[in-house]
Amino acid sequence: MRKIFNFVLGNVILSTVMGMFSVTIYADSLVSENAGSRIICYDTATGTESYYYLDEASPNDKVIVCEPKEASESTEKNTPSKGNTKNNTAMSTKEVRLKAALSKRRLSLEMGGNHRLTLKNAVSKQIKWESSNKRIASVRNGLIWGKKVGKCDIIANYDGKRYKCKVSVIRPNIKLSIRSFNKNTQKLNLRLKNRSRLTIGINDEFTLKICVNNKWSKVRFLPGVQFESYARLVEPNKKADLDIALSKYFNTLSKGKYRVIYELGSHGRVHADFMVD
């Protein structure tokens, strides 16, 4: 038994263990693996030929093991003569080459998230990536970043062809809710639920707005207010409780409807409303 490496047939990788071989597979015998596909190896060093027939495949390392056999009468008829091996080989053989294909043709990506797209059976350095709308999603060396809710195409240009992946950028499923508000102490307790696939960073900086005549306007902070520059990380399918002592940032709030807003960077923003009676 002999193994043949570094040659592609279908989804199976063939290999050459030693020597310098030029491998030719005859198209008229490529019916199926079980039909005994004929493989001819030309030793370029000695000019000798070896005939191999498909015998069995190893599912673990995807290596086909072949056993050399003598050429049959039908084999000899299709075998190129030694005197004009190159010309006859070109006429009677079929080149086996895998087509390039994207790892995904459709992709749903959360805003602020990323995904690595690959073009299979292609030389990565020869691929030129582009986005049909960089404001929605950008790409560099196959790495896609979702920037804004919307749809666009990510395109891989290779070997004179264009391979498109349709990308939908969606808003991540992150919710902010009011757990309690104490008007006497002016303490507000909130909960952030992260149901996205992303890890979210949130700091203590927020914006407070009040609704007056169906219009939202900012509530001014007290002079000299400063926020701490730390960020809390909230992993996917996790939650975080946030406590705000509003008296530290504002004068006593008057009656009305308020909205507290947190910016989440590239992941957008979240808000929650509460009433002061």
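**Stop 1: an aromatic pair**

Select F227, which counts as partly exposed because its relative accessibility is 23%; buried means under 20% relative accessible area, exposed over 50% and partly exposed in between, with a 1.4 Å probe and protein chains only. This is a predicted model, in which local features need pLDDT of at least 70 and side-chain atom pairs count only at pLDDT 80 or more, while totals for chains, interfaces and linings use all residues. Residues are numbered from 1 along each chain as its sequence is written, and side-chain values use heavy atoms, with hydrogens and water left out.

F221 and F227 form an edge-to-face aromatic pair, 5.5 Å centre to centre with 85° between the planes. Rings of Phe, Tyr and Trp (its six-membered ring) pair if their centres lie within 6.5 Å; planes under 30 degrees apart count as stacked, over 60 as edge-to-face and the rest as tilted.

By the pairing rule, the count comes to 12 aromatic pairs.

**Stop 2: a four-stranded sheet**

Strands (E, at least two residues) are DSSP runs, numbered from the N terminus, and two strands pair if DSSP finds at least two bridges between them. Four of them form an open, antiparallel sheet in the order β20-β19-β23-β24. Which strands stand at the edges? They are β20 (215–218) and β24 (269–276); each has a single partner strand, so one side of each is left without a neighbour in the sheet.

Select residues 256–263, which are strand β23, joined to β24 by eight bridges in an antiparallel run. Within this pairing, R259 stands opposite D273 in β24.

Then pick Y258 in β23 and F274 in β24, which are 16 residues apart. Their rings are stacked, 5.6 Å centre to centre and 20° between the planes. Are these two residues buried or exposed? Both Y258 and F274 are buried.

**Stop 3: two loop residues**

Most residues other than glycine have a negative phi. Select N121, in the loop between β10 (119–120) and β11 (128–131): its phi is positive, near 60°. N121 is partly exposed, with a relative accessible area of 45%.

Finish at N141, in the loop between β12 (137–140) and β13 (143–146). N141 is not a glycine, yet has a positive phi of about 55°. At 60% relative accessibility, N141 counts as exposed.
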